[in-house]
Amino acid sequence: MIQYRTLSSDEISRDLFKDFIRHQVVTKCWRKENAEWVIKDDHFIDDWGEKEYEILISCLKHTLATNGFVYAAFWHGMLKGFVSVESGLFGNTQSYLDLSSIHVSEDLRGKGIGASLFHTAKEWAKSQGAAKLYISAHSAVESQAFYKKMGCVDAEFIHQKHAEDEPYDCQLECTL
């Protein structure tokens with residue numbers, strides 16, 4: 001049985017992620033060519049090392065320190081999924097909040113955990129006055145299929161820092 005709850009800053013440490021498997025075999029990604037999205041072969045393995053976990057932990061702690069939201073899924077007491085949303089409305093109409101991360105452990109993908117995390121993130125963002133979630137998302141075909149299933153579309157407003165920092169990510173939005 002999956003248990004969901006908000007995380008506190010004190011809980012966020014390397015030990016929290018000891019049973020979390022961030023591994024994804026990618027074979028195809030979406031790429032923009034001549035203003036059109038196309039699927040291209042792009043073979044690699046996305047697997048986090050200690051440096052990536054160190055950055056993640058720092059980011060999640062910062063999210064909470066700045067009044068953002070970090071919510072997690074646990075299976076038998078082990079972290080198996082999490083989502084984070086930054087505080088601070090932005091965009092030309094000040095209607096967006098940034099969904100800064102959403103990940104499900106490889107061993108429990110496809111069981112509805114990601115959808116539950118995403119819906120809770122949407123509820124939190126709406127309670128903070130947002131009309132839309134902004135998502136700078138991995139371009140892997142599987143990742144994009146998840147966001148499309150959640151009702152996300154290409155973002156009308158492009159967050160320039162995200163677009164510059166991760167040029168291969170897809171910039172999406174989801175109406176709340």
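Two strands count as paired if DSSP finds at least two bridges between them. Strands (E, at least two residues) and helices (H or I, at least four) are DSSP runs, numbered from the N terminus.

Good morning. The model before you is predicted, so local features need pLDDT of at least 70 and side-chain atom pairs count only at pLDDT 80 or more, while totals for chains, interfaces and linings use all residues. Residues are numbered from 1 along each chain as its sequence is written, and side-chain values use heavy atoms, with hydrogens and water left out.

I begin with the sheet. Seven strands form an open sheet with mixed pairing, in the order β1-β4-β5-β6-β7-β9-β8. At its edges stand β1 (2–6) and β8 (153–154); each has a single partner strand, so one side of each lacks a neighbour in the sheet. Within the sheet, β7 (residues 132–137) and β9 (residues 170–175) pair in the antiparallel sense over six bridges. Ile-135 has Leu-172 in β9 as its bridge partner.

Helix α3 (residues 141–149) packs on this sheet, touching β6, β7, β8 and β9, where contact means heavy atoms within 4.5 Å. The direction of α3 makes about 20° with that of β9; axes are lines fitted to C-alpha atoms, for helices over the stretch in contact, and angles run from 0 to 180 degrees between N-to-C directions.

Which residues of α3 are buried, that is, under 20% relative accessible area with a 1.4 Å probe, protein chains only? They are Ser-143, Gln-144 and Tyr-147. These residues cover an arc of only 95° around the axis, which puts them on the same side of α3; the arc is that of the directions from the helix axis to the C-beta atoms. Among the elements covering them are α2 (113–127) and β2 (23–33).

Methods:
Buried < 20%, exposed > 50% of the residue type's maximum accessible area, 1.4 Å probe, protein only.
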